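Here is a briefing on selected features of one structure. Please look over the sequence and the 3D view before reading on.

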Amino acid sequence: MDWAYLFEISLTGLASGGLYALAALAFVLVYKATKVVNIAIGEMLMVGAYLFFAFAASFSLPIWLAVLGAMLGAGLLGAVIERTMIRPLLGEPPISAFMVTVGLGSILVGLVEIIWSADQRRLPEFVPSTPVMIGDAFLAPKVAYGALMAFVLIALVLLLFRFWRGGVALRATASDQGAAYMMGINVPRVFSLAWVVSAVIAALAGIVVGSIGGISSSMGVFGLSVLVVVIVGGLDSVLGALVGGLFIGLVEALAGAYLGGEYKLLATFLVLVVVLMIKPYGLFGTHEIERL
Amino acid sequence: MRIGTLKESYVADAALFDSATQKLWLGAGAALLVLFPFMASDYWLYLACLVAINVASAAGLNILTGYTGLVSLGQAAFMGLGAYTVAILQTRWGTPFLLNILAGGVVAMLGGLVVGIPSLRVKGLYLAIATIAASFIAHFLFANLSITGGTGGLAVPPASVMGVALDTSFRIYWLIVPVTLVLLLGAANLFRTRIGRAFIAIRDRDISAEVLGIPLLRYKLLSFGLSSFYAGIAGGLWAYFFRVVTPESFPLQMSIFFLAAIIVGGMGTILGSILGAVFMTMVPELLKFVFDLLPSTGHDMKVFLSPVRTVVFGLLIVGFLIFEPHGLAEVWRRIRRFFHLWPFRN
């Protein structure tokens, strides 16, 4: 057994796990606030990456402006999605909102293919290309800096949740909708806010993911691993999203290194089955108690 | 104005086809189905067979989603299981085709139970996510097992009846359409039995259903197994119709197609499965037709056909859920009521 190799693989896994954690955060945010299972999370990632691509490569804006533009565009998209698709289904059974997001994913993929075609594209390089060494382990620069960005963003989002007025309103709505209403929180506005923030986070995650592996219209597959992450962590748990993200990243990296690339998703889904068998509400999810 | 529908016994009230008018229309429909192959061109026959296969699979998904309130995004994968079972049985042992199709259904049902047991113990949309996982695992198995012929897939010899190979649309029509009709009749009858009514109770309020003595896990599994069985049968028909099965034949998009079909057609109605599958199968053809009408503007518009279709599928799902959640079946019912009540306003 080559311990240095194992260490290197684990590090890479944890690094890409950071991205899963970031994307899972975007999912959990919407789920906590609006109880909508957003299966189009991978597609929202993809749209963010393509917006960045459009600003940075097609309009050749500087990188920081392009990121800002992509964030703005994604936020707008989130608002439009919430207003036109999710709001009308308020009060309907959760399965309806879920199926709407299935449709949404289909629409986003189609639109991206119409505008940019289905071909694989490369995002402009914006990370330094000197390899990163941690101890003796070599880490690809894109992965390392991607993970760094992901962790900074996660910290930023957690701080926003903790201290920003809107973040507090979000948490209040998530824990008790009725009480939040009575305390003067505009709950429908919070729903919009949740979608906007989630879309922005997803877009940022998409830009980082795209800068590592390139972008294509089938990038939404990333969202499948994210769904597994949130189930492992518990659908409504921020902590679960972080831990689950790192864990799934690790599992995929190990499966990819020791079994072969095509076993990555297989390993992820096997984890899903095992978690559903032994801990169906995830590591940190709340076990809901219902009354008639 | 519809009159004279007085029922004097429970049996008459619970009958599947209860009025003379309905029987008349059904008779006319059956006659049309029999005469259709003799009148239609090859292209329309091909479409009719495809529609019938899709109707069978959509009816299965409707049992699960429309009647039991669970979402599956693995309908295509279970069709794949059925199709591969048929292909393997037919190529290796050449067993009779009806037996193969039935075996396809049973294998898909067993696959459904395997996916269902972990994911149906918890409430919520876990099944939907587990079925996505299942379809990726199924794709992996189809592409990597030796018995499934790898990425190249398997070629399926045509089914044959007494030496006549069912190798044209005209001939296979007589296999596909009757099987689909039997499946539809089965689904319609299912919801007149205890099991079907238990499904509906679970959809409407699962806790109440449990209190009323319906074991949730067992019935949810049953519903998922049945829906997979339908998918498997449809997949078996698919294998005999296209006569080549590859891992790429049953993508996730196909599962979304079936979900779209029952949403557009109407969840929780048999008619909805039929209308939805017919409509959704025709949409790509219609789009192709529209694209052919477009004036050629130098560069090839054909490359946009597939993404436009993807967008249209998504828009149909979203649009119907928001504006017409009961689907085309409800539109149909409104039109019918207009004639029933005429000359009065409804």
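The model is a predicted one.

- Ala159(B) sits in the loop that links β1 (154-155) and β2 (160-161) of chain B.
- Ala159(B) counts as buried because 25 other C-beta atoms lie within 10 Å, and the cut-off for buried is 20 or more.
- Leu98(B) lies 61 residues from Ala159(B) in sequence. In space, the two are 8.9 Å apart, C-alpha to C-alpha.

**Helices α4(B) and α10(B)**
- Two packed helices are described by the angle between their axes and the distance between the axes.
- In chain B, the axes of α4 (residues 75-92) and α10 (residues 216-242) come within 6 Å. They cross at roughly 55 degrees.
- α4(B) and α10(B) are therefore oblique to each other.
- The crossing of α4(B) and α10(B) is right-handed.
- On the α4(B) side, the contact includes Gly80(B), Gly82(B) and Ala83(B). On the α10(B) side, Gly232(B), Gly235(B), Gly236(B) and Tyr240(B) are among the residues involved.
- By class, the contact of α4(B) with α10(B) has 12 nonpolar and 7 polar residues, and no charged ones.

**Where chain B meets chain A**
- In the contact between the chains, 34 residues of chain B meet 34 residues of chain A.
- Five helices of chain B each supply at least two residues of the side that touches chain A: α5 (97-119), α6 (126-144), α9 (206-211), α11 (252-265) and α13 (305-323).
- α13(B) gives the largest share of that side, 11 residues.
- The side of chain B that touches chain A has 28 nonpolar, 5 polar and 1 charged residues.

**Helix α2(A)**
- Helix α2 of chain A spans residues 41-58 and has 18 residues.
- From first C-alpha to last, α2(A) reaches 25 Å, close to the 26 Å expected at 1.5 Å a residue.
- Of the 18 residues of α2(A), 15 are buried, so the helix is largely enclosed by the rest of the structure.
- Ser60(A) follows α2(A) and has a positive phi, near 40 degrees.

Key
Residues are numbered from 1 along each chain as its sequence is written. Chains are lettered from A and ligands numbered from 1 in the order in which they are written. This is a predicted model: local features need pLDDT of at least 70, side-chain atom pairs count only at pLDDT 80 or more; totals for chains, interfaces and linings use all residues. Helices (H or I, at least four residues) and strands (E, at least two) are DSSP runs, numbered from the N terminus. A residue is buried if 20 or more other C-beta atoms lie within 10 Å of its own, exposed if 12 or fewer, and partly exposed in between; C-beta atoms are placed from the backbone. Two residues are in contact if their C-beta atoms, placed from the backbone, lie within 7 Å. Ala, Val, Leu, Ile, Met, Phe, Trp, Tyr, Cys and Pro count as nonpolar, Asp, Glu, Lys and Arg as charged, and the others, Gly among them, as polar. Axes are lines fitted to C-alpha atoms, for helices over the stretch in contact, and angles run from 0 to 180 degrees between N-to-C directions. Angles under 35 degrees count as roughly parallel, over 145 as roughly antiparallel, 65 to 115 as roughly perpendicular and the rest as oblique. A crossing is left-handed if the near helix is turned anticlockwise from the far one by less than a right angle, and right-handed if clockwise. The expected span of a helix is 1.5 Å times one less than its number of residues.
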